[in-house]
Amino acid sequence: ANIAYLPTGYDAQFWRPLGAKDDVVLSVAVVRDLGTARLKGLDTLIAAAWKMPAVKFVIVGVDPQIGLSLRPPMNMTFYGPMPRKEILPFYQQAKVYCQPSRREGLSNALCEAMLCGCIPVASRVGGNPTAIGNDGILIPPSDVDSLVTALHYGLTTEEQIGERARSRIVSLFPKEKRESDLLRAV
């Protein structure tokens, strides 16, 4: 009875779409070792990228040496860790955001991407279903074929799904609610 759930809140004025989207699949994960790469599902995403050679994949937050050791295809580019605010243009450019984790909480990166109008594709684990609801695509973890199908759908469907995804995060996780609930708790 004395436990309260207080989810993260997001600044919808900062995390916002900006113009037309490119046919890019983006994923953001802080990865400094191979174990974390597997936990974040990068092996599954790389396997999907091999099956989608015409699609551009961008991964932010992964040490490039770790990324290269995973033997990615030529259509996948890795960027190392960077401050959160520098990730904004990546979210604003990509049509699809992919969170293929095997275990995940309520992912900040997923929610930020949704606020930027990305169509979310994520594994059905942890907080991903809470973030996405019916406004994106949930797949079984580690299922490469389901991921390929979902990414193709995300890249070819109308961008209104991204608009609905943004609306969902704005309504469920506003920064102001988080701040007021924190103040009330203390």
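## Terms and model

A residue is called buried at under 20% relative accessible area, exposed at over 50%, and partly exposed in between, using a 1.4 Å probe and protein chains only. By this rule D43, with a relative accessible area of 33%, is partly exposed.

The model is predicted: local features need pLDDT of at least 70, side-chain atom pairs count only at pLDDT 80 or more, and totals for chains, interfaces and linings use all residues. Residues are numbered from 1 along each chain as its sequence is written, and side-chain values use heavy atoms, without hydrogens and water.

Helices (H or I, at least four residues) and strands (E, at least two) are DSSP runs, numbered from the N terminus.

## Salt bridges

Side chains of opposite charge can pair when their charged atoms come close. The whole structure has six salt bridges, each a side-chain nitrogen of Lys or Arg within 4 Å of a carboxyl oxygen of Asp or Glu. One of them joins R102 to D43, with the closest N and O atoms 2.8 Å apart. This pair links distant parts of the chain, as R102 is in the loop between β4 and α5 (108–115) and D43 is in helix α2, 59 residues apart. R102 is partly exposed, with a relative accessible area of 21%.

K51 and D145 also form a salt bridge (2.8 Å, N to O). K51 lies in the loop between α2 and β2 and D145 in helix α7, so the pair ties together parts 94 residues apart in sequence. D145 is partly exposed at 48% relative accessibility.

A further salt bridge joins E112 and R84 (2.6 Å, N to O). E112 is in helix α5 and R84 in helix α4 (residues 84–93), so this pair ties together parts 28 residues apart in sequence. Salt bridges that share partners join R38, D43 and R102 into one network. E112 is buried at 4% relative accessibility, whereas R84 is partly exposed at 38%.

## Surface charge

D22, D23, E159 and E163 form a negative surface patch. Patch residues have over 30% relative accessible area and no salt bridge, with like charges joined within 9 Å and nonpolar side chains (Val, Leu, Ile, Met, Phe, Trp, Tyr) within 5 Å. E163 is in helix α8 (residues 160–172) and is exposed, with a relative accessible area of 54%.

Methods. Accessible areas come from the Shrake-Rupley method with a 1.4 Å probe; for residues, only the protein chains shown count as cover. Lys and Arg count as positive and Asp and Glu as negative; His and the chain ends are not counted. The place of a charge is taken as NZ of Lys, CZ of Arg, CG of Asp or CD of Glu.
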